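Visitor: I'd like to learn how to read the strands and contacts in a model like this one. Could you walk me through it?

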Amino acid sequence: MSIATDTSTRPPAADAPGWSPVCPLERLEPERGVAALVDGAQVALFRTGDELFALDNLDPVGGAYVLSRGIVGSRGGTPTVASPLHKQVYDLRTGACLDLPGVAVPRHDVRCRDGLVEVRLRREG
């Protein structure tokens with residue numbers, strides 16, 4: 001999601017079910033990840049240029065909550081994060097592993113409203 005295109009024309013967070021405030025936008029350093037606890041789930045947040053991304057923090061290959069500490073980059077124009085454990089690369093837009101077919105990290109909705117980063121969990125079910 002583009003940071004610049006999210007405007008205040010949306011209803012306030014209290015009127016939008018599922019959105020949880022996480023932190024001010026300026027707390028997210030570009031090209032770095034940060035972990036957050038959102039409704040009991042560990043989420044890895046990333047800011048790249050003018051975009052925000054949210055994935056589960058759990059590395060599905062290594063089995064540890066470490067993706068927020070991964071290396072942010074790109075592959076063929078796709079924004080990515082590489083796991084700090086075994087270096088598998090994940091597409092920040094979809095959560096798909098670019099190195100292992102069929103492996104993916106759940107992604108979540110993220111937006112910035114009035115300078116505050118908010119996340120809405122996507123629960124499989």
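Visitor: In what order do the six strands of the open sheet come?

Guide: First, the ground rules. This is a predicted model, so to speak of local features we need pLDDT of at least 70, side-chain atom pairs count only at pLDDT 80 or more, and totals for chains, interfaces and linings use all residues. Residues are numbered from 1 along each chain as its sequence is written, and side-chain values use heavy atoms, with hydrogens and water left out.

Guide: Now the general idea: strands in a sheet pair through backbone hydrogen bonds, in parallel or antiparallel fashion. Strands here are DSSP runs of E, at least two residues, numbered from the N terminus, and two of them pair if DSSP finds at least two bridges between them. In this model the order is β1-β9-β8-β4-β3-β2, with antiparallel pairing. At the edges are β1 (19-24) and β2, each pairing on one side only. Direction ignored, neighbouring strands are turned by 30 degrees against each other on average; the axes are lines fitted to C-alpha atoms, and angles run from 0 to 180 degrees between N-to-C directions.

Visitor: How many bridges join β2 to β3?

Guide: Six, between residues 33-38 and residues 41-48, running antiparallel. The hairpin has two residues between the strands, and Asp39 takes a positive phi near 50 degrees.

Visitor: Which strands make up the open sheet of three?

Guide: That one runs β5-β6-β7, again with antiparallel pairing. β5 and β7 are at the edges with a single partner strand each, so one side of each has no neighbour in the sheet. From one strand to the next, the twist averages 40 degrees.

Visitor: Is Phe46 buried or exposed?

Guide: Check relative accessible area: under 20% is buried, over 50% exposed, and in between partly exposed (1.4 Å probe, protein chains only). Phe46, in strand β3, has 1%, so it's buried. Contact means heavy atoms within 4.5 Å; leaving aside neighbours within four places in sequence, Phe46 touches residues including Leu52, Phe53, Leu67, Val72 and Val81. Its C-alpha is 9.7 Å from that of Thr80, 34 residues apart along the chain.

Visitor: What does the side chain of Asp91 reach?

Guide: A polar contact is a pair of N or O atoms within 3.5 Å; within protein, one must be able to donate a hydrogen and the other to accept it, and residues adjacent in sequence count only if both atoms are side-chain atoms. Asp91, in strand β7 (residues 89-91), reaches the backbone nitrogen of Arg93 at 2.7 Å. Asp91 counts as buried because its relative accessibility is 5%. Beyond its neighbours within four places in sequence, Asp91 is in contact with Leu55, Thr78, Pro79, Ala96 and Leu98.

Visitor: Which residue lies over the face of Trp19?

Guide: A charge sits over a ring if NZ of Lys or CZ of Arg is within 6 Å of the ring centre and within 35 degrees of the ring normal. Here it's Arg111, at 4.0 Å from the ring centre.

Note on methods. Helix = DSSP H or I, 4+ residues; strand = E, 2+ residues; numbered from the N terminus.
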